[in-house]
2 protein chains.
Amino acid sequence: MPSEQIENYLKNIYKIQTVEGKVSTTSLSEKLQISPASVSEMIKKLAEEGSLTHTPYKGVELTESGKRMALKILRKHRLWEMFLVEVLHFGWEEIDEEAEKFEHIMSGKMEDKIDEVLGFPSVDPHGDPIPSKNGTVKVVRSYPLSDVKDGVIVRVLRVNDANPELLQYASSIGLSLNKRLSVKQKMKFDNSLVVKIGSREMTISATLAENIFVETA
Amino acid sequence: MPSEQIENYLKNIYKIQTVEGKVSTTSLSEKLQISPASVSEMIKKLAEEGSLTHTPYKGVELTESGKRMALKILRKHRLWEMFLVEVLHFGWEEIDEEAEKFEHIMSGKMEDKIDEVLGFPSVDPHGDPIPSKNGTVKVVRSYPLSDVKDGVIVRVLRVNDANPELLQYASSIGLSLNKRLSVKQKMKFDNSLVVKIGSREMTISATLAENIFVETA
DNA sequence: TCTATATTTTAGGCGAACCGAAATTTTTGA
DNA sequence: TCAAAAATTTCGGTTCGCCTAAAATATAGA
């Protein structure tokens, strides 16, 4: 059994890997809020254990076994987030922090029970895919709202969960999963967007738009 | 914030205290499955912190502050057990072990949400009282089934949760909370009991009877 | 190119909580 | 009563994961 901290390392390496490709000591250090020195040590240990390959001064890549462990945790994390929203009525922006703790202590049995109670969901409340039990992840093709052209109608597929305040704001303006919206106008000077959600028209900043992922409706 | 291990020490000191009165290093060591040497060290530390008073070579007693912390954990433990049974349909005998892990990471918010979903229960699935938020515990007056005389009709108020196998067996013969049963005969030679539950008559060993707590119906 | 800066790793140390072995204190029963 | 047994504590040592400071390596820009 991997320790709780090792699970955190593996999960975050996986996350950085899928977004940025390469995983450096610094990026991990920032994400985990642990000093680069400690991260460097742990990487060495994980390499010895065979969970990842490490080229000193270069970077890190998960092995098959490391990836499997990472996905196991990610599955638990996202199932738990779903559970918090659906059963305990937590808000969108509170669940990530709570799930950080629970993902490590959920037994396989608990995982199954929750999966069942939720009706075997395929994405979490932010639209991130829930890895299957055997370690496959459905890739959802989506584009940042910031890339969408004037006049197009889109549907919200995912919202980046890295920032609780952003999530809180998004939900307060009615920007939730599967909502349809049309892009009315794209401002050249600051890349902000005028969009229409339902009958309401509003402005969305470039930064917010970069964190909302959509498909063409 | 007390560490997870400190919470375990305090909770178990409280439990031993309520059952046996005096809490020795050995009894704690056995309950926690930690060597007497380590327990002794931790006791010294907890005494310094003011969570308990310790007379070397004698025993230990929780201070008000220590008791408060113990009850906080016990509340979370028992709420969580209830939740596992009511919402996730876990069996009677599986919940204690699961709850051991969750009690330490439940936020106050989570505690409140669960309390609400469950309708503010006053006892857990084994009949143990759930301490209130302000640290009071309702004492339930009950007697071990082994003390009940022939011919008396009683109601099950609590089952000792220390042994999962015992719980499993009890539920398999229909011995669950609030069940009515009548004591038909008490065997002198081994203290076993013949009881009637519903329309079924069966024999209960002395050991089992000592772990079932009832009130006169 | 080559030096300054940024990144990464190594070295030495720390605190929490554990252990076994040895020392101390208490209890018990002949 | 008093020695053997039981209970408790102290001592020295371990592991895990963290840290800061210093050393090593890589990268970028003049």
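Predicted model: local features only at pLDDT ≥ 70, side-chain atom pairs only at ≥ 80, totals over all residues.
DNA strand D has 21 residues around it. The closest are Ser3(A) and Ala37(A) from chain A, and Ser24(B), Thr26(B) and Ala37(B) from chain B. Of the contributors, α3(B) gives the most, with 6 residues. By class, the surface near DNA strand D consists of 10 nonpolar, 8 polar and 3 charged residues.

The two protein chains also touch each other. In this contact, 11 residues of chain B meet 11 residues of chain A. On the chain B side, α5 (95–102) and α6 (108–117) each supply at least two of the residues. That side divides into 6 nonpolar, 2 polar and 3 charged residues.

Within chain B, one helix pair can be described in detail. Two packed helices are described by the angle between their axes and the distance between the axes. For helix α1 (residues 4–20) and helix α4 (residues 64–86) of chain B, the axes come within 8 Å and cross at roughly 95°. Angles of 65 to 115 degrees count as roughly perpendicular, and α1(B) and α4(B) are therefore roughly perpendicular to each other. From α1(B), the contact uses Glu7(B), Leu10(B), Lys11(B), Ile13(B) and Tyr14(B). From α4(B), it uses Gly66(B), Lys67(B), Met69(B), Ala70(B), Ile73(B) and Leu74(B). The residues in the contact of α1(B) with α4(B) are 7 nonpolar, 1 polar and 3 charged.

The strands come next. Strands of a sheet pair through backbone hydrogen bonds, either parallel or antiparallel. In chain B, 6 strands form an open sheet with antiparallel pairing, in the order β3-β8-β4-β5-β6-β7. Its edge strands, β3 (143–144) and β7 (200–204) of chain B, each pair on one side only.

In chain A, strand β3 (residues 143–144) and strand β8 (residues 212–216) run antiparallel and are joined by 2 bridges. Tyr143(A) stands opposite Val214(A) in β8(A). Strand β4 (residues 153–159) of chain A also pairs with β8(A) in the antiparallel sense, over 5 bridges. Val214(A) is the bridge partner of Val156(A) in that strand.

How values were computed. Residues numbered from 1 in each chain as written. Chains lettered and ligands numbered in written order. Near = placed C-beta within 6 Å. Helix = DSSP H or I, 4+ residues; strand = E, 2+ residues; numbered from the N terminus. Nonpolar A, V, L, I, M, F, W, Y, C, P; charged D, E, K, R; others polar. Contact = placed C-beta atoms within 7 Å. Pairing = 2+ DSSP bridges. Axes fitted to C-alpha atoms, helices over the stretch in contact; angles between N-to-C directions. Parallel < 35°, antiparallel > 145°, perpendicular 65-115°, else oblique.
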